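I opened the model today and kept notes on what I looked up.

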Amino acid sequence: MSSVSARLAVIIVSYGNPDDVERCLTSLAGSDWDEFEVFICENAGVAAYDRLVARLAGPDRLLQPMPGGADTLDRAQRRLVSVAKCRFQGRANLVRIGLATENLGYGGGVNAWLEPLLAVPGWEAVLILNPDTEVNRHSLSELVAKAAEGFGMVGASLVFDDTPDRIINYGLHWSRMTGRVVAIGRNEPLGTVPSAEVIARIDAVSGACVLATRAFVEAVGLMAEDYFLYMEDLDWGRRRGTQRIGFASKAIVRHIGGTTIGSAVAVEKRSYLSIYLSARNSILYARRFAGWRWICHFGVGLLYAARYLAKGSSSAGRVALAGLLDGAKGKTGRPDVVPGAR
């Protein structure tokens, strides 16, 4: 990959969910912004990669396979072992579908493309999208226009898929006192423009949809990978230094949420993996950015773990406790098993 011919690189991390990826790409195909290329990292293995390519690329599919097959990779990077190169039917925008060497997690899946992209010219910003998102026609152009005003990290109007007139969040705020993550603007009516004071409270843009300029990535670095899943977006924002956060209110992005590992908003619907990683990573993050206060955050985490007991789920409570303890021990990366689950 010697260069990128478009100003915007769109990165999507998939984990065996071709329905979501197809929906997301279909929305991108309707964009009024032409200068983008898409880079997909499939984390779920060879079979999932083959299903995804077969689902997306072909004569009657969303994508047209490009002559010559696989793209040329930087072999020194070696995190994508196979790449299918396509373009949208009826559009010139390229789509590359990469197979990861293993399940790299969210940050690792993003970096599998972002790291080699840093070595090539041609692009000005990267848009990271969850596969279970759907952008509106003007989202890309609105996000790029906001970045052009001097913002290094830009968020969109992220809305609930089932109630698209309500905001999920404008961005994320991390409380130094409790260690809890607050969704700024949750359930605000769509179209409400947050004030400068509200924007100032945002520590990071949600990783479900975040645009970062090339200058931001070069100054701040890649996404942290050792969380595996959750908190990498806050970590990225926390390290932003003098880079400013902006909000493109007319860029509307629908988000289903929780389709891959069950990270539902309702406590009783969350998967054990989601519970464990949320608990563990909250402590890992606090140990890095809160100093001695992480001990207080651990205590707050215990109270949150007790919610599962109150709802009659002792197993979920044990999983949350195991996550807190592993965070205190500094355990990172992908868990082979979820401790505490029975």
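**Ground rules.** This is a predicted model, where local features need pLDDT of at least 70, side-chain atom pairs count only at pLDDT 80 or more, and totals for chains, interfaces and linings use all residues. Residues are numbered from 1 along each chain as its sequence is written, and side-chain values use heavy atoms, with hydrogens and water left out.

**Cavity.** A cavity is a set of points on a 1 Å grid over the protein atoms alone where a 1.4 Å probe fits but cannot get out, and its lining residues have an atom within 4 Å of a point. The volume is the space filled by probe spheres set on the points, which are joined across faces, edges and corners. The largest cavity holds about 50 Å³. Its lining includes G155, Y170 and C209. Strand β8 (residues 153-160) gives the largest share of that lining, 3 residues. I took strands as DSSP runs of E with at least two residues and helices as runs of H or I with at least four, numbered from the N terminus.

**Strands.** I then followed β8 to its partner, counting strands as paired if DSSP finds at least two bridges between them. β8 and β13 pair in the parallel sense over 8 bridges, and V159 stands opposite R254 in β13. Strand β7 (residues 133-135) pairs with β13 (residues 245-255) in the antiparallel sense over 3 bridges. There T133 stands opposite H255.

**Rings.** I counted 6 aromatic pairs. Rings of Phe, Tyr and Trp (its six-membered ring) pair if their centres lie within 6.5 Å; planes under 30 degrees apart are stacked, over 60 edge-to-face and the rest tilted. Y170 and F247 are edge-to-face, 4.9 Å centre to centre with 75 degrees between the planes. Y170 lies in the loop between β9 (167-169) and β10 (171-174) and F247 in β13, so the pair ties together parts 77 residues apart in sequence. Both Y170 and F247 are buried, meaning under 20% relative accessible area with a 1.4 Å probe and protein chains only (exposed is over 50%, partly exposed in between).

**Helix α8.** Residues 272-289 make up this helix of 18 residues. I found 13 of the 18 buried, so α8 is largely enclosed by the rest of the structure.

**N17.** This residue sits in the loop between β1 (8-14) and α1 (18-29). N17 counts as buried because its relative accessibility is 8%.

Methods
Expected span 1.5 Å × (residues − 1). 1 Å grid on protein atoms, 1.4 Å probe; cavity = no way out; pocket = protein on both sides within 12 Å on 5 of 7 lines; lining within 4 Å.
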